[in-house]
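Please keep the sequence and the model open beside them as you read.

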Amino acid sequence: TFVVTDNCIKCKFTDCVEVCPVDAFHEGPNFLAIDPDECIDCTLCEPECPINAIYPEDDVPAGQEGFTALNKELAKAWPVITVRKDALPDAKEWENKPDKLKLLER
Ligand code: SF4
Ligand code: F3S
C-alpha cells in the first residue's frame, strides 16, 4: 500500500486524490489517509503530491513508520475524497515543517 505521511498535515493540497483509480483517499480536517484495503499500488498518487508526502509502505521515512497503521485507522473513520479542493489556508507556511503529527486533527 501507499502511505500519506507527516508532511501532509496542515497542508492537504489534495492533488493526489483525483488520480486514484480505486478512490482510496479519505479526508480528515487537516490530513488525508489512504485505505490500505483499497490501494492497489498503482503508484499514480506519489508524484502528484507537491510536497512529497506519499510513500510506498516499504519506503516510509525513518521515524514515520507509525503512519502506515495511522492511515488504515483514519481511512476507516473518514469519508472518501475524489475531487481536488483548495489546500488549507496556511499550507505554504506549513509545508516541509517537521513533526506535525501532534497537530493532527481527528
Ligand atoms: Fe490510489 Fe494508486 Fe495511490 Fe494506491 S498508489 S492510493 S491505488 S493512486
Ligand atoms: Fe496531502 Fe500531498 Fe495529497 S499534501 S492531500 S498527500 S497532495
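**Notes on the model**

1. Let me begin with helix H1, residues 66–77: at 1.5 Å a residue, its 12 residues should span 16 Å, and the end C-alpha atoms are 17 Å apart, which agrees. The expected span here is 1.5 Å times one less than the number of residues. Helices (H or I, at least four residues) and strands (E, at least two) are DSSP runs, numbered from the N terminus.

2. A word on conventions: residues are numbered from 1 along each chain as its sequence is written, while chains are lettered from A and ligands numbered from 1 in the order in which they are written. This is a predicted model, in which local features need pLDDT of at least 70, side-chain atom pairs count only at pLDDT 80 or more, and totals for chains, interfaces and linings use all residues.

3. Which residues of H1 are buried? They are Phe67, Asn71, Leu74 and Ala75. These residues cover an arc of only 105° around the axis, which puts them on the same side of H1; the arc is that of the directions from the helix axis to the C-beta atoms. An α-helix has 3.6 residues a turn, so residues three or four places apart point the same way. A residue is buried if 20 or more other C-beta atoms lie within 10 Å of its own, exposed if 12 or fewer, and partly exposed in between, with C-beta atoms placed from the backbone.

4. On the other side of H1, the exposed residues are Gly66, Ala69, Glu73, Lys76 and Ala77. The cover over the buried residues includes strand S1 (2–4), strand S2 (25–27) and strand S3 (32–34).

5. Stepping back, the protein has two helices and four strands, in the order β-β-β-β-α-α along the sequence. Its radius of gyration is 12 Å, close to the 13 Å that the globule rule gives for 106 residues, so the protein is as compact as a globular protein of that length. The radius is taken over C-alpha atoms, and the rule is 2.2 Å times the number of residues to the power 0.38. Buried residues make up 33% of the 106 residues.

6. Of the contacts with a separation of 6 or more, 81% are between residues 24 or more positions apart. Two residues are in contact if their C-beta atoms, placed from the backbone, lie within 7 Å.

7. Do look at Val60, in the loop between strand S4 (54–56) and H1. Val60 counts as buried because it has 20 C-beta neighbours inside 10 Å. Leaving aside residues up to four places away in sequence, Val60 touches Val3, Thr5, Tyr55, Glu65, Phe67 and Thr68. Val60 and Val3 are 57 residues apart in sequence, yet 7.4 Å apart in space, C-alpha to C-alpha.

8. Now the ligands. Ligand 1 has 14 residues around it, with Cys20, Ala24, Cys39, Cys42 and Cys45 nearest. Ligand 2 is surrounded by 14 residues, and the closest are Cys8, Phe13, Cys16, Cys49 and Ala53. A residue is near a molecule or strand if its C-beta atom, placed from the backbone, lies within 6 Å of it.

9. Last, a backbone check. Asn52, in the loop between S3 and S4, has a positive phi of about 55° although it is not a glycine. Asn96, in the segment after helix H2 (91–94), has a positive phi near 65°.
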